[in-house]
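The following note is intended for a colleague meeting this structure for the first time. Please read the points with the sequence and the model at hand.

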Amino acid sequence: MCGSLHSAVHVGVGWLAGLCVASSCFAWGEDGHRIVGALAAERLSPEARAVVIELLGNDDLATAGLWADQIRGDASWDWAKPLHYVNLPRDGSVFDAARDCPEGQCVVAAIPRFFAVASDDSRPMAERRDALRFAIHFIGDLHQPLHAGYKDDLGGNRIQVTAFGDTRTNLHALWDSVLIRDRIAGDWQAYAQLLRSAITPALAAEWASQSDSAAWANESAAITKTIYAELPADAKVGAEYAKSNMPTIERRLSMAGVRLAHAINRAFKNSSAGSGNGTPAPKQDGQVGAADRAIPVEVPGGRVGGSPR
Ligand SMILES: [Zn+2]
């Protein structure tokens with residue numbers, strides 16, 4: 001979902017730099033985040049939707065989920081880079097906050113933290129807006145299995161893969177975007193519609209009943225283990241690999257959409273848009289000013305650093 005290739009470049013993995021062609025630089029790539037946002041948007045409660053519109057200027061969660069990747073080139077947001085993922089041990093042990101998320105510096109802790117800010121009426125609107133955009137993005141991220149991955153290979157960024165005969169990529173980007181791009185053939189909205197029609201009320205209820213981000217990390221980590229076990233020895237994947245793995249990707253995108261809506265509905269259940277007296281927030285595009293850069297949450301020391309992904 002995010003930062004796969006460009007962050008590898010940041011740490012100087014030179015051989016990856018040449019692979020970073022425009023559309024593959026965004027990780028779930030842009031398509032995955034758009035799909036998650038679109039699935040969530042139609043599940044918002046009326047009161048949650050009203051707050052979302054006040055904060056974002058609209059209820060376009062599909063677009064709002066892209067922002068956290070779009071700011072990656074701006075060093076003033078570097079503190080947020082470790083918040084897109086969590087590293088777990090390879091032995092299959094479950095998420096342990098003290099071990100895997102010290103000082104809350106991982107996606108598991110970031111999600112509830114940003115929701116707390118987004119729903120806090122006493123905070124400035126700009127802080128709440130950015131917190132909501134982070135929260136939207138991070139729920140998507142955490143459902144991409146390799147965002148609960150391993151530190152030593154940067155969540156699969158260092159595993160070279162050849163896809164569909166001629167696409168040189170890496171394991172992380174394969175799951176972020178390459179498989180999805182191959183499947184949707186340029187029309188993410190049609191694909192979202194397809195996924196939407198498969199989400200039964202029973203499935204939605206089942207997925208929404210698990211609202212703990214640590215549990216989502218454990219789900220992803222279990223899938224990650226399988227991904228490594230099933231990667232062909234020559235790291236060449238094609239139609240057969242896509243066919244057997246797309247159901248997992250579709251399920252994770254759908255779960256993320258349902259859970260995102262549930263989390264927003266819950267966060268804004270008793271929230272108002274704050275002191276704006278019903279005045280919609282200004283459209284955010286192009287308005288990231290100095291005031292907006294205020295760090296929206298209290299993050300303990302060590303903001304800059306950690307393993308980039
Ligand atoms: Zn991300």
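1. The predicted model has an average pLDDT of 84 over the protein, and 79% of the residues score at least 70; pLDDT is the predictor's confidence in each residue, from 0 to 100. Because the model is predicted, local features need pLDDT of at least 70 and side-chain atom pairs count only at pLDDT 80 or more, while totals for chains, interfaces and linings use all residues. Numbering starts from 1 along each chain as its sequence is written.

2. Two stretches call for caution in reading. Over residues 1-26, pLDDT stays under 50, and the model has 53 contacts beyond four places in sequence for them. Residues 275-308 also stay under 50, with 49 such contacts. Two residues are in contact if their C-beta atoms, placed from the backbone, lie within 7 Å.

3. The protein contains 14 helices and five strands; these are DSSP runs, helices being H or I of at least four residues and strands E of at least two, numbered from the N terminus. Of the 309 residues, 45% are buried, that is, with 20 or more other C-beta atoms within 10 Å of their own, the C-beta atoms being placed from the backbone.

4. Helix H3 (residues 30-41) packs with helix H9 (residues 125-143) at an angle of about 110°, their axes 10 Å apart. Axes are lines fitted to C-alpha atoms over the stretch in contact, and angles run from 0 to 180 degrees between N-to-C directions. The two helices, H3 and H9, are therefore roughly perpendicular, the term for 65 to 115 degrees. Gly32, His33, Val36 and Gly37 of H3 meet Ile136, His137 and Gly140 of H9 in this contact.

Methods:
A residue is buried if 20 or more other C-beta atoms lie within 10 Å of its own, exposed if 12 or fewer, and partly exposed in between; C-beta atoms are placed from the backbone. Angles under 35 degrees count as roughly parallel, over 145 as roughly antiparallel, 65 to 115 as roughly perpendicular and the rest as oblique.
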